[in-house]
Amino acid sequence: MLRYILMIPIVFFGDKLIKNKAEACLSGGKEKDLFHNNIRLKLFRNKGAMLNTGDAHPERVAYISVSLCVALSVIFIMSLFCGRVSRFRVALSMLLGGAWSNAYDRLKRGYVVDYVSFPFLGKLTACIFGEKAGRFVSGIVFNISDFFIIAGCIMTAVFA
């Protein structure tokens, strides 16, 4: 049971450290390309939710974010005592670590720090769906919490 609980602060504080480093190293429009320009490190301050949804109302986005985190935390605590499958608990731990990290950013900073994008996905998308779609995909910037949230959601759907 302890390993599921510990995973949440590990994801939370790990992401927080990386976000602080990204803000320190990538401020002022600095960018860094890695792996032959397939991965790009750049700072983006997202005031909304996924894909900047709701960026005109960051306080609403923060309220919804925290509310969902609280609800998910209750589900997680219940899963510890209800004999749920351990993979489900791992999924919730990953999801909660990432979700609380982004919610903390929204409350503390007023935005979520994003810092990694994947230009190669934009090129691939452009080949399949056209240049406009490729530019859109190339412009999406993530953080580590986003990956934990996505993985946690997929695992929750599979193991719930």
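1. Strands β1 (31–34) and β2 (39–46) run antiparallel and are joined by four bridges. Two strands count as paired if DSSP finds at least two bridges between them. Helices (H or I, at least four residues) and strands (E, at least two) are DSSP runs, numbered from the N terminus. Glu-31 stands opposite Lys-42 in β2. Leu-34 faces Ile-39 in β2 in the same way: the two stand opposite each other.

2. A word on the basis of these remarks. The model is predicted, so local features need pLDDT of at least 70 and side-chain atom pairs count only at pLDDT 80 or more, while totals for chains, interfaces and linings use all residues. Residues are numbered from 1 along each chain as its sequence is written, and side-chain values use heavy atoms, with hydrogens and water left out.

3. Look next at the turn of the hairpin. Four residues lie between the strands β1 and β2, and Phe-35 takes a positive phi near 50 degrees there. His-36 is in the loop between β1 and β2. Its phi is near 55 degrees, a positive value in a residue other than glycine. Asn-37 lies in the loop between β1 and β2, with phi near 65 degrees, again positive in a residue other than glycine.

4. How exposed are these loop residues? Buried means under 20% relative accessible area, exposed means over 50%, and partly exposed is in between (1.4 Å probe, protein chains only). His-36 is exposed, because its relative accessible area is 76%. Asn-37 is partly exposed, because its value is 39%.

5. β2 also has a partner in β3 (112–117). The strands β2 and β3 pair in the antiparallel sense, over five bridges. Phe-44 stands opposite Asp-114 in β3. Arg-45 has Val-113 of β3 as its bridge partner. β3 is mostly covered, with six of its six residues buried.

6. Which residues make up the largest nonpolar core? There are nine: Ala-22, Leu-26, Ile-39, Leu-43, Tyr-111, Val-113, Tyr-115, Val-116 and Phe-118. The elements giving two or more residues to this core are α1 (2–26), β2 and β3. β3 gives the most, with three residues. A nonpolar core here is a set of buried Ala, Val, Leu, Ile, Met, Phe, Trp, Tyr and Cys residues joined through side-chain atoms within 4.5 Å.

7. The largest pocket holds about 810 Å³ of space. On a 1 Å grid over the protein atoms alone, a pocket is an open set of points with protein on both sides within 12 Å along at least five of seven lines; a cavity is a set where a 1.4 Å probe fits but cannot get out, and lining residues have an atom within 4 Å of a point. Grid points are joined across faces, edges and corners, and a volume is the space filled by probe spheres set on the points.

8. Who lines the largest pocket? The lining has 28 residues, and Ala-49, Met-50, Asn-102, Arg-106 and Asp-146 lie nearest the centre. At least two residues each come from β2, α2 (58–81), α3 (86–108), β3 and α6 (144–159). α2 gives the most, with six residues. By class, the lining has 18 nonpolar, seven polar and three charged residues. Ala, Val, Leu, Ile, Met, Phe, Trp, Tyr, Cys and Pro count as nonpolar, Asp, Glu, Lys and Arg as charged, and the others, Gly among them, as polar.

9. How many disulfides does the whole structure contain? A search finds zero. A disulfide is a pair of cysteine sulfur atoms within 2.5 Å. The sulfur of Cys-69 is too far for a bond, because the closest cysteine sulfur, in Cys-153, is 11 Å away. Cys-69 is buried, with a relative accessible area of 2%. Cys-82 counts as exposed, at 51% relative accessibility.

10. Gly-28 has its place in the loop between α1 and β1. Gly-28 counts as exposed because its relative accessibility is 85%. The C-alpha atoms of Gly-28 and Met-78 are separated by 45 Å, and the two residues are 50 apart along the chain.
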